[in-house]
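Here is a short tour to read with the structure open beside you. We start at a strand and its partners, then turn to a helix and the core.

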Amino acid sequence: MTQVNFSDFYQVPDMKFDIVKLRQDLDKILKKRNFNSLNVSNFGAIPVNKIPNDENSVKGHNIRGIYWTIPDESGKEVSRDIPIDESKYTELMPEFENTYFKEVYETLRKKFKLGRVRLLLKEPRSTLSWHKDPEPRLHIPIITNLGCSMVIENVAKHLPANGHVTITNNTKYHNFFNGGEQSRIHLVACVLENPFK
Ligand SMILES: [Fe+2]
């Protein structure tokens, strides 16, 4: 069994965004476009950045990306979905220009080497698969409820929507559950320099 480590949740010090502005501008974005579910149950994503001059970089399976999961009692690990060239995602999507998300994106990029940035929806009363990702992920919860927790190995943590930024060690097996009756929406970025190594 992998050693349990509370530092798999790293709250970034001295960084806090304005949750009121995030929610106001999330509303503006949601009036313009919908979450793309890719026909995956309980999942939805809106890309915040893209590969310059590559409209396909925000379409189809590029909004999900490769992960590993243990689907059944055999305990055998399998990979799903497609690898992503994360470091090429450097350009803000046009609908996020003139929103607070631009300031958030620019601030984060100064501090961290980022790949894709997405708004991720987790529907009420749902989980993900038990899985691991290629890299850690940075979370800014925007809409959440007390029934929402991220679980890494066997440590669960609620991430409040208070403007703070948390980097989670998604290279370990994890899940996210929303046990509330309201959708959960986080800004999630792929972090290309692993702070957990
Ligand atoms: Fe994940």
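Strand β11 (residues 148–152) has a covered face made of C148, M150 and I152, while S149 and V151 form its uncovered face. Strands here are DSSP runs of E with at least two residues, helices are runs of H or I with at least four, and both are numbered from the N terminus. This is a predicted model: local features need pLDDT of at least 70, side-chain atom pairs count only at pLDDT 80 or more, and totals for chains, interfaces and linings use all residues. Residues are numbered from 1 along each chain as its sequence is written.

β11 pairs with strand β14 (residues 174–178) in the antiparallel sense over five bridges; pairing requires at least two DSSP bridges. C148 has N178 as its bridge partner in β14. Strand β12 (residues 155–157) is also antiparallel to β11, joined by three bridges, and its A156 stands opposite V151. In the β11–β12 hairpin, with two residues between the strands, E153 takes a positive phi near 50°.

## Helix α2

F101, V104, Y105 and L108 are the buried residues of α2 (buried: 20 or more other C-beta atoms within 10 Å of the residue's own; exposed: 12 or fewer; partly exposed: in between; C-beta atoms are placed from the backbone). Seen down the axis of α2, they fall within an arc of 100°, so they line one face of the helix; the arc is that of the directions from the helix axis to the C-beta atoms. The face turned away from this buried side carries the exposed E106 and K110.

## The nonpolar core

Among the 28 residues of the largest nonpolar core, L119, L138 and A189 touch the most other members. Such a core is a set of buried Ala, Val, Leu, Ile, Met, Phe, Trp, Tyr and Cys residues joined through C-beta atoms within 7 Å. Its largest share, six residues, comes from β15.
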